Amino acid sequence: MNLRYSIQFTGGMEVTIKQDVDNTQLQTAISQAVSEAGFPEAQVSVGKKNNFDTILVQTTLAGDEQVSKLSQSIQSSLQKNSFISNADEILEQSVIGPSMGDFVKRSAIKAIIIGLIIMSVYILFAFSGMRTVISPVTLGLITILTMLFDLAVPMGIYGLMMKFNGAVQVDSIFIIALLTIIGYSINDTIIIFDRVRENVKTHEKDIESGRMSLEQIYEDSLRQTMRRSLGTSVINFLIVISMIFYGAGSLQLFAITLAVGIVFGTYSSIFLAAPAAFLFSKYRKIEES
């Protein structure tokens with residue numbers, strides 16, 4: 001399993017060095033050093049971040065004494081194995097304590113749960129006028145399921161990046177990217193459903209008399225909103241692509257995750273959410289008849 005949590009969630013230390021070295025040898029040397037320093041449970045991974053070699057040590061640091069001990073063991077190993085010639089070649093060193101990691105983890109989970117609850121409540125009230133065609137609860141379930149699809153693809157891509165780069169981990173930036181994707185996904189889906197609601201309201205008598213079918217309602221709604229949805233997605237995608245090419249580090253990872261989410265979020269709204277809503281509407285109409 002490739003899943004690795006950032007030290008923002010687990011606590012630990014991150015060290016970035018100037019020299020370009022063999023990552024396998026570096027990971028072996030650091031793992032041995034931190035184990036001998038009294039951190040046998042520490043998880044060490046090495047990868048590229050901003051084009052520099054970055055060492056990530058995930059472990060519980062109870063106090064300043066342990067922080068100092070771990071830092072000295074890493075620096076000593078780097079110099080002993082000639083990965084650096086002096087301490088000045090350590091470009092960056094950051095430490096996250098376990099209490100801060102727990103706080104970030106709880107905040108991330110709360111943000112996702114609260115966002116889903118607010119979205120569900122909004123759908124129930126906003127689309128209550130469509131009860132004659134489809135249940136708002138059904139629309140809410142369709143929106144959530146398509147949103148999960150929109151999240152699953154970028155999460156899979158991110159997992160592949162973690163497999164090939166030890167510095168890529170699940171951190172707060174990744175959580176922000178997922179929350180942003182949720183926003184895009186819900187927005188695209190709700191725009192289509194809202195147009196369906198307006199068309200149902202406008203042609204309510206025609207639907208009841210049989211002069212207009214549900215197929216026509218959904219087809220017209222998709223055609224009326226597709227240009228807007230595609231235009232918004234393309235503009236956002238181009239902006240995100242520029243962030244991928246000109247950004248670095250966490251910004252680049254954020255942009256890659258978001259770009260994948262925008263593409264599949266647009267796809268799912270048009271080709272998954274709307275057809276699913278139509279099928280449920282048609283099934284309900286058949287049941288009532």
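This is a predicted model: local features need pLDDT of at least 70, side-chain atom pairs count only at pLDDT 80 or more; totals for chains, interfaces and linings use all residues.
User: Are H5 and H6 oblique or roughly antiparallel to each other?
Analyst: Happy to walk through this one. Helix H5 covers residues 136-164 and helix H6 covers residues 172-202, and they pack at an angle of about 140° with their axes 9 Å apart. Roughly antiparallel applies to angles over 145 degrees. H5 and H6 are therefore oblique.

User: By class, how many nonpolar residues does the contact of H5 with H6 have?
Analyst: On the H5 side, the residues that meet H6 include Leu139, Ile142, Met147, Leu151 and Tyr158. On the H6 side, Phe174, Leu178, Ile181 and Phe193 are among them. By class, this contact has one charged residue, four polar and 13 nonpolar.

User: How is H6 oriented relative to H8?
Analyst: Helix H8 spans residues 214-246, and its axis comes within 9 Å of the H6 axis. The two axes cross at roughly 150°. Angles over 145 degrees count as roughly antiparallel. That makes the orientation of H6 to H8 roughly antiparallel.

User: How many charged residues does the contact of H6 with H8 have?
Analyst: From H6, the residues that meet H8 include Tyr184, Asp188, Ile191 and Arg195. From H8, Ile217, Asp220, Gln224 and Arg228 are among the partners. By class, the contact has eight nonpolar residues, seven polar and four charged.

User: Is the crossing of H6 and H8 left-handed or right-handed?
Analyst: Handedness can be given for both pairs. The crossing of H5 and H6 is right-handed. For H6 and H8, the crossing is right-handed.

Methods. Residues are numbered from 1 along each chain as its sequence is written. Side-chain values use heavy atoms; hydrogens and water are left out. Axes are lines fitted to C-alpha atoms, for helices over the stretch in contact, and angles run from 0 to 180 degrees between N-to-C directions. Helices (H or I, at least four residues) and strands (E, at least two) are DSSP runs, numbered from the N terminus. Angles under 35 degrees count as roughly parallel, over 145 as roughly antiparallel, 65 to 115 as roughly perpendicular and the rest as oblique. A crossing is left-handed if the near helix is turned anticlockwise from the far one by less than a right angle, and right-handed if clockwise. Contact means heavy atoms within 4.5 Å. Ala, Val, Leu, Ile, Met, Phe, Trp, Tyr, Cys and Pro count as nonpolar, Asp, Glu, Lys and Arg as charged, and the others, Gly among them, as polar.
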